[in-house]
Structure formats: structure tokens, C-alpha cells
Amino acid sequence: MTIAAQIVFAAVLVLSIILPFGYYLIGEHNRGRFKTTLGVNAFFFFGTMLIAIGVMFMGGSNVQAAIGDEGISTGLGYIAAALVTGLSCIGGGIAVASAASAALGAISEDQTILGKSLIFVGLAEGVCLYGLIISFMILGSL
């Protein structure tokens with residue numbers, strides 16, 4: 001990746017963070033300001049991702065030269081470990097969001113069920129830990 005491409009990518013990344021919040025703070029005080037800010041943020045985020053993809057494919061290096069002696073199985077192992085961790089954490093987050101909101105509603109009505117509701121929230125968090133353990137097992141076998 002050339003220095004110019006790195007500078008452009010860094011500038012777009014910084015602008016994707018600063019511009020939407022600047023627009024939100026400086027912009028008019030109306031109801032549609034949040035939607036516009038969210039749209040600007042999404043535009044710059046996906047624009048940054050498109051630039052990153054373009055920069056990634058600009059290089060003329062050979063994939064086999066980058067892999068070296070390790071082979072393709074090591075790269076797929078890293079991808080598998082990343083997917084296991086990421087997807088289990090996303091699933092655990094969805095489960096914790098549902099269980100915690102239900103637990104808070106139940107505790108507000110009857111405070112004696114605090115222990116039972118915390119167990120369900122903890123079980124939902126366990127999904128993330130199981131994914132992390134499997135990820136360590138995959139990385140240990142590489």
C-alpha cells in the first residue's frame with residue numbers, strides 16, 4: 001500500500017467519525033437532525049470500507065508469497081477462530097439483551113426473583129465464553 005493511499009484512507013476514516021457528530025452538534029435543532037446524522041455516518045462508514053477494499057486489491061503482491069511456509073490451513077484457522085468469537089459474541093449479546101430486559105421487568109414487580117433472573121442472564125453470557133474457548137482451541141491446534 002502506498003503512502004498516498006494510507007493518507008487518503010486515514011483522512012476518510014477520521015472524517016467519517018468527526019463530520020457526523022459535528023453536523024449533529026452544529027446543525028439545526030429539528031427533529032430530522034438525527035436521521036441526517038445517521039445517514040452521513042453510514043455514508044462515510046461504507047465509503048471508508050469501499051476505499052479499504054480498493055486499496056486491498058491494488059497491491060501487486062502474490063498471495064502465496066504472503067502465506068509463506070504456513071499454508072492455507074493456517075489462514076483458514078485464523079478465519080475460523082475470528083468467526084467463532086465474533087458470531088458467538090453477537091449471539092450472546094442478543095441473548096443478554098433479551099434476558100436482561102425481561103429480568104429487569106420481572107425484578108421490578110417481584111424482588112425475590114433476583115437470583116433466578118441473574119442465572120438466566122449469566123447463561124446467556126456463557127455463549128460468548130464458549131465461543132472464546134473454542135477459538136482458543138482452534139488457535140492452539142494451528
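1. C89 is partly exposed, with a relative accessible area of 38%. On this scale buried means under 20% relative accessible area, exposed means over 50%, and partly exposed lies in between (1.4 Å probe, protein chains only). The sulfur of C89 has its closest cysteine sulfur in C128, 4.2 Å away, which is too far for a bond. A disulfide is counted when a pair of cysteine sulfur atoms lies within 2.5 Å. A search of the whole structure finds 0 disulfides.

2. Some notes on the model. This is a predicted model, in which local features need pLDDT of at least 70 and side-chain atom pairs count only at pLDDT 80 or more, while totals for chains, interfaces and linings use all residues. Residues are numbered from 1 along each chain as its sequence is written, and side-chain values use heavy atoms, with hydrogens and water left out.

3. The protein chain holds 5 helices and 0 strands, and its elements run α-α-α-α-α from the N terminus on. Helices (H or I, at least four residues) and strands (E, at least two) are DSSP runs, numbered from the N terminus. Of the 142 residues in the protein chain, 17% are buried. The accessible surface comes to about 10500 Å², and 74% of this belongs to carbon and sulfur atoms. Accessible areas come from the Shrake-Rupley method with a 1.4 Å probe; for residues, only the protein chains shown count as cover.

4. Among contacts in the protein chain with a separation of 6 or more, 71% are between residues 24 or more positions apart. Contact means heavy atoms within 4.5 Å.

5. Helix α4 covers residues 72-109. Its 38 residues should span 56 Å at 1.5 Å a residue, and the end C-alpha atoms are 56 Å apart, which agrees. The expected span is 1.5 Å times one less than the number of residues in the helix. The buried residues of α4 are T74, G77, A81, S88, G92, A99 and A103, and what covers them includes α5.

6. Helix α5 runs over residues 114-141.

7. S135, found in helix α5, is buried, with a relative accessible area of 5%. Not counting residues up to four places away in sequence, S135 touches A81, V84 and T85. G86 has its place in helix α4 and is partly exposed, with a relative accessible area of 31%. G86 and C128 are 42 residues apart in sequence, but 8.7 Å apart in space, C-alpha to C-alpha.

8. A nonpolar surface patch of about 1000 Å² is made by Y78, L129, Y130, L132, I133, I134, F136, M137, L139 and L142. Helix α5 gives the largest share of the patch, 8 residues. I134 is found in this helix and is partly exposed, with a relative accessible area of 39%. Patches are made of residues with over 30% relative accessible area and no salt bridge; like charges are joined within 9 Å, and nonpolar side chains (Val, Leu, Ile, Met, Phe, Trp, Tyr) within 5 Å. A salt bridge is a side-chain nitrogen of Lys or Arg within 4 Å of a carboxyl oxygen of Asp or Glu.
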